[in-house]
Structures are given as C-alpha cells and as structure tokens.
Amino acid sequence: CLEHEGVEFVFGIPGEETLDLSEALDRSQLITFVPTRHEQGAAFMADAYGRLTRRPGVCLATLGPGASNLATGVGDAMLDHAPLVALTGQIGLVGMHKETHQFIDTVDMLHPMTKWNTRLHHPRMVPEAVRKAFSIAAAEKPGATHLELPEDVMATAVSGAPLPRGPQPMVEADPVSLLRAAEAIESAAWPLLLVGNGVVRQGAAPALRAFCEQTGLHAVTTFMGKGVLDASDPHFLFTAGLRRQDYPRGLLGRADLVVSIGYDMIEWPPSAWNPDGRQRIVCVDTVPPEIDAHFIPEVELIGDLSRILYQLTGLLEGRQVASIETRPYRRAFRRVLDAGTDEDFPIKPQRVLRDLRELLAPGDVLVSDVGAHKLWVARFWEAREPNTVLISNGFAAMGFGLPAALAAALARRGRSKIVCISGDGGFLMNCQELETARRLGLPFVVLVWSDGGYGLIEMHQRRKYGRIAGTRFDNPDFVALARAFGVEGLRA
C-alpha cells in the first residue's frame with residue numbers, strides 16, 4: 001500500500017514492535033528506509049519532504065518513547081500544513097488492557113496533533129486505512145495523519161490489494177462572489193494583497209504573478225509565502241509576520257481593502273494587522289476561513305487558488321485599479337538589508353544574507369531553524385521562487401533546520417543547492433543527524449550563527465524586565481564537532 005501511494009523514503013528508527021514492517025521495507029524495490037539518529041529528526045525530515053514534493057512524507061517510530069519523540073515533528077507538520085503520515089509501533093492488542101512495558105495510548109497522545117489517526121485492529125483494515133491516511137494528509141489544508149501498528153496485527157498474514165487513488169475534486173468559486181470581489185477591488189482607493197502559504201502549497205505562484213502584472217496590485221507576503229513573488233518584482237513590498245511591528249499605523253493600516261490569498265491565520269494573527277477588526281477583507285482560500293473577530297471577510301472565494309486568480313484577472317482586465325506608492329517601503333527595506341560593511345565584526349546578518357543571495361540560484365533552497373536568526377531570514381531573505389524557503393513557523397520548533405536540509409537534499413537530488421541557517425541553540429538539538437547526512441553522502445551547507453545563548457528569548461526578557469536570566473550557555477568547538485562527524489568544518 002505504501003508503494004502504491006508513491007512513497008520513496010521512510011525516515012525513522014526501527015524497534016522491536018516494528019520488526020515485520022522493517023523486514024517488508026527492506027524487501028521493497030521502491031522504498032528506501034532512512035535510519036535516523038532521533039525520531040524528532042525523522043519527523044522533521046518527513047515534514048520538509050512533504051513541503052517540497054507536495055506529497056506526504058512518511059516517518060516511522062516504535063512505541064512509547066519512540067512515538068513521543070516523533071510528536072514534535074508531527075505537530076510541526078500539522079501547524080504548518082505539511083502533508084505527513086506517521087507510523088508507530090505498539091504492543092499487541094492482547095496487552096493493551098493492562099499496565100505494560102512502554103505502553104501509552106499513542107492514538108490518544110497524537111490526536112490533537114493530527115487531522116486523523118487510528119489503530120489497525122485487523123489486517124483487513126490496511127488498504128482502507130493507508131489510503132485514508134494519505135488522502136487526508138494531502139487534502140487542503142494538508143497536515144499530519146497517523147497509523148498505529150500493533151505488533152500482533154502486523155505479524156498476521158494478509159491478502160488484498162491497495163485501494164486506487166481517486167481524482168481530486170475541483171472546487172469552483174461562486175460566480176456572484178467573484179463579481180463582488182472584482183467590484184470591491186476596483187472600487188478600493190488603496191487595495192493591498194496579503195499572500196500566504198496556500199499559494200506555495202497549491203503551486204499558484206504563476207497565477208498570482210499574472211494577477212499582479214495585470215492589475216498592478218502590490219503584495220505583502222507572510223514568512224511561509226516567501227518567493228511567491230520574486231523579491232525583485234515591483235509588485236512585491238515586503239515580508240511580514242512579527243507581532244511587535246506596528247503594521248496598523250503603517251502600510252496595512254492605510255490600506256482600505258486587504259485581499260488575503262492562501263493566508264493561514266497561524267502564519268500571522270489578524271489581530272496584529274487589523275486590531276480593531278474594521279478592515280475590509282476579501283478572502284481567497286482553499287477552504288472557508290477560521291472564525292476570528294479580527295478577520296471577517298465581506299467576500300469569500302473558496303476553491304482552487306490558480307483558477308480563482310485567473311478568473312479575477314479576467315474580470316479586472318481593462319478596469320482601473322488603484323495603485324499605491326511603494327518607494328518608501330522599498331527604501332526602508334533596503335536600508336536595513338544594506339546596513340553594515342564588509343569589515344564589520346562580528347559579521348552582520350545582512351552580510352551573510354547578501355553573500356548567500358549572490359551565491360545561490362533562484363531555485364536553490366534556504367532552510368531556517370528557529371531562533372533569533374529566523375527573524376532575519378524570514379523578513380529579509382530575498383526569495384526568488386516559491387518553496388525555496390523552509391521555516392518552522394506555526395509550531396516554531398527548534399531543531400528543525402538540519403533534518404529539513406537533509407530531506408531537501410534528498411527531495412531535490414542535486415537539482416538545487418541546499419543551505420541551512422541555524423543558531424547554536426537549535427543546531428545542537430539535532431546535530432546528531434550530521435551522521436545521517438554524511439552516511440547518505442548528501443551535499444548541503446549548514447551555517448551556525450553562534451551567540452552563546454537563546455538570543456530571541458533574551459530580546460523579550462530585556463524588553464519586559466531590562467535584564468536576562470537563564471539563557472546563556474557554552475558551546476563545543478563546532479569545527480571540531482563537524483570533523484568528528486566526518487564532515488568539513490570551517491569558522492568565519
């Protein structure tokens with residue numbers, strides 16, 4: 001059934017309760033099992049693989065601590081809408097009624113972190129359960145699903161066949177709503193686009209670019225929407241997503257209509273840019289939006305994002321759409337990015353981002369771990385293409401970077417350069433996956449920005465208390481650590 005779903009890699013750590021599945025995977029001619037050094041790393045790999053391929057990534061762990069270690073990556077996939085299928089072993093059904101070694105109810109534990117999960121009580125469930133897990137994981141909005149595999153069920157002989165995959169339904173936006181949306185855009189004095197992760201997931205960047213070119217509308221993207229417009233495109237303004245920035249008094253506060261396109265509220269809460277809840281909003285999305293007092297659309301266009309954008313482009317063709325003055329915002333962006341000279345020490349984040357941008361092609365992939373460095377990458381990395389920036393945003397899980405870079409190297413298979421930027425805190429949370437990367441011979445670069453502390457927390461502590469507490473630590477020699485893993489280490 002996994003082969004039928006097109007699974008190429010299963011990331012994970014085997015256990016006693018998954019012996020039968022491990023044996024079957026080893027016999028497969030289509031699936032490669034990738035042994036990792038921690039289950040959290042395996043889940044992050046499946047998460048990143050799902051984002052880049054738009055097919056569910058698969059991770060495997062045994063029962064108990066294996067499953068609980070997997071949970072962080074499962075939660076990350078869920079909140080960032082990455083398709084993922086988690087497989088966990090379990091004791092036999094016969095022992096679940098009593099206190100048993102390593103037994104916890106994994107289905108209950110992962111219930112809040114998944115779109116759907118279940119336990120396989122009988123081998124006849126396999127074709128239906130696997131097909132359902134992959135279908136739900138990939139359906140808008142994507143996320144994580146989970147199958148628990150009791151040891152005695154998995155050791156049972158079974159006959160049957162995988163279920164066929166049905167066609168994806170095409171959801172059409174309401175024609176009347178399309179006309180109302182076009183009229184709202186045409187009548188607005190200062191309309192603005194807010195573009196999010198959905199445009200990346202749906203592959204709708206070409207339609208968005210055509211829409212902006214036709215109408216002249218300008219866009220602000222979320223962290224997860226980076227690259228849907230080339231950062232050099234005159235219709236791109238900046239990337240937003242920080243709660244502390246005073247957006248209501250700036251550009252978003254002056255806009256009289258916000259057209260949100262593929263925007264997930266978890267990317268950037270509406271209260272940050274629409275605090276009084278009075279902003280006029282047109283919502284373009286794949287599913288109806290979440291209920292929020294600060295996000296009440298006057299028009300909702302629900303369906304395939306590319307189709308909706310092309311339809312709106314046609315409706316607005318030849319009509320006069322208001323444009324905004326963008327030069328002040330572009331100048332402010334450049335002032336920050338160009339600050340700092342080549343001679344500055346410590347090396348400035350801007351210097352690293354500028355040099356990286358010159359070295360990487362538009363389709364190369366930049367992965368960001370979580371920490372103070374993430375704010376620089378998310379706000380100021382000049383992305384050229386969609387799905388070339390991977391960030392743990394909704395769950396904001398430290399340790400994401402290195403495993404995600406490993407998965408990106410597998411997914412792109414030499415077609416793109418892969419670079420990961422990590423802080424010293426996040427890097428040491430999953431640095432053991434350097435061995436996995438070396439064993440697989442995967443080519444990518446990790447930049448560790450080292451400041452000897454949890455810098456982002458220190459920033460908040462200084463703002464609130466005027467001092468820091470419990471955030472400083474010592475680091476190993478990172479160059480020696482890299483070389484101990486058998487990879488090259490350099491210090492700038």
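Leaving aside residues up to four places away in sequence, Trp116 touches Ala129, Lys132, Ala133, Ile136, Ala144, Thr145, His146 and Leu147; contact here means heavy atoms within 4.5 Å. Trp116 belongs to strand S5 (residues 116-119). Lys132 is 16 residues from Trp116 along the chain, and their C-alpha atoms are 8.8 Å apart.

This is a predicted model, in which local features need pLDDT of at least 70 and side-chain atom pairs count only at pLDDT 80 or more, while totals for chains, interfaces and linings use all residues. Residues are numbered from 1 along each chain as its sequence is written, and side-chain values use heavy atoms, with hydrogens and water left out.

The protein chain has 20 helices and 16 strands. These are DSSP runs numbered from the N terminus, with helices being H or I of at least four residues and strands E of at least two.

Helix H9 spans residues 205-215, and its buried residues are Ala205, Ala207, Leu208, Phe211, Cys212 and Thr215. Buried means under 20% relative accessible area, exposed over 50%, and partly exposed in between, with a 1.4 Å probe and protein chains only. An α-helix has 3.6 residues a turn, so residues three or four places apart point the same way. Pro206 and Glu213 are exposed on the face of H9 turned away from its buried side. Against the buried residues of H9 pack helix H7 (175-187), strand S7 (191-195), helix H8 (197-201), strand S10 (257-261) and helix H12 (305-316). After H9 comes Gly216, with a positive phi near 80°.

Helix H14 (residues 349-359) has Pro349, Gln350, Val352, Leu353, Leu356 and Arg357 as its buried residues. Down the axis of H14 they fall within an arc of 160°, so they line one face of the helix. Glu358 and Leu359 are exposed on the face turned away from the buried side of H14. The cover over the buried residues of H14 includes helix H13 (327-337), strand S13 (365-368), helix H15 (372-380), strand S15 (418-423) and strand S16 (445-449).

Across the whole protein chain, 55% of the 492 residues are buried. Of the contacts with a separation of 6 or more, 72% join residues 24 or more positions apart. Along the principal axes, the C-alpha atoms fill a box of roughly 70 × 60 × 45 Å.

Definitions and conventions:
Arc of directions from axis to C-beta.
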